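Please look over the sequence and the model shown below before reading on.

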Amino acid sequence: MIEIIQDIRQSDNWGKYLNSIGWDIFRTPGGVLMAYKKMLGRSFIKIQKPKVLSEEDIKEIDEFAKKKKYFLVKLEPMPGQDETLLSKSGFLKSYTPLSVPSTMYIDLTKSEADLWNNVSHSGKYSIHRAEREGVQIRYYENPTEEALSSFYEIFAQTAVRQKFYKLPFSEVLSRSKSFGRKSHLVNAYNNKGELMSGKLFLGHNDLVLYSIGGTADAGRKTKIGYELLWKAVIYLKSTGYKTLDLEGVDDSRFPFFTSHWAGFTHFKEKFGGEIVRFPHPYIKYSSKLLVALSKIITLPI
């Protein structure tokens, strides 16, 4: 199993991005990144994909939460977390993830030949077909606002078409700029030079995350997406990353959250990565009243 030492959502760059869109950031003495917002004088705190938490880590989290007069803390653990420890500390299992509950990792330390061998037969066919159609792939390290703007147009089209949350352009721009040279835009153009598809990747240490992507309506009639992802895999491998996180696959534990994910999950599976299922999210409420209310109504958090 591929082991991730620190998820990108615990990086300083991700904290910089969250801060730019209105979150306050705090890192505990033990190194856990926490983001929080004030709501009616109380704090909503989220902790996404931290290291495996110890009793001391949870103590530091509790101390900070009380200092900020929290009303709830939302925690999304990494694999290997002792969930009994969370329960003993007052956390309750949640069924509403903030980030993807399952994902797929591709091991970029493998040779190009081995990576190719992991691609399914139909995936290889689609890549070759896109090559015959004259697809052109271009790579942008720390992309300009102009390049991101062109990419955003097709991302927005895709979000509307597939009923995903459409990030505002300002947030996409901020996300990319927060990572600087660790932000990688990979675009695919048809043989007329028209932008058909694109993917934005963000890097942290040895890990690179597929952040967002999109395909123009005309591009959906081609196999351009397969060529784009394959070339992105090889490009990201060449830059020194060891693991590619494809950011999300279908998860039967959360049917409401992942109900529209079957199509792109099937697409990603053709590249032969490793499926990783994260533990359930957890919530800690500040009062028994909120705990009681949570059992009566399902809050979208």
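Predicted model: local features only at pLDDT ≥ 70, side-chain atom pairs only at ≥ 80, totals over all residues.

The contact of H5 with H8 is made up of five nonpolar, two polar and two charged residues. On the side of H5 the residues are Gly123, Ser126, Ile127, Ala130 and Glu131, and these meet Ile224, Tyr226, Glu227 and Trp230 in H8.

## Strand E9 and its two partners

Strand E9 runs over residues 195-204 and is mostly covered, since ten of its ten residues are buried. One of its partners is strand E8, residues 183-189, which pairs with E9 in the antiparallel sense over seven bridges. Within this pairing, Ala188 has Ser197 in E9 as its bridge partner. The hairpin of E8 and E9 has five residues between the strands, and there Gly193 takes a positive phi near 80 degrees.

E9 is also joined to strand E10, residues 207-215, by eight bridges, and these two strands run antiparallel as well. Here Gly198 stands opposite Gly214, which belongs to E10. In the hairpin of E9 and E10 there are two residues between the strands, and Asn205 is the residue described as taking a positive phi, near 55 degrees.

## An open sheet of six strands

Elsewhere in the model, six strands form an open sheet with mixed pairing, and their order across the sheet is E1-E2-E3-E4-E13-E5. Which strands are at the edges of this sheet? They are strand E1 (24-27) and strand E5 (92-93), each of which pairs on one side only.

Inside that order, strand E4, residues 70-76, is joined to strand E13, residues 282-285, by four bridges, and the two run antiparallel. One example of this pairing is Lys74, whose bridge partner in E13 is Ile283.

## A helix across the sheet

Note on methods. Residues numbered from 1 in each chain as written. Heavy atoms only, no water. Buried < 20%, exposed > 50% of the residue type's maximum accessible area, 1.4 Å probe, protein only. Pairing = 2+ DSSP bridges. Contact = heavy atoms within 4.5 Å. Nonpolar A, V, L, I, M, F, W, Y, C, P; charged D, E, K, R; others polar.
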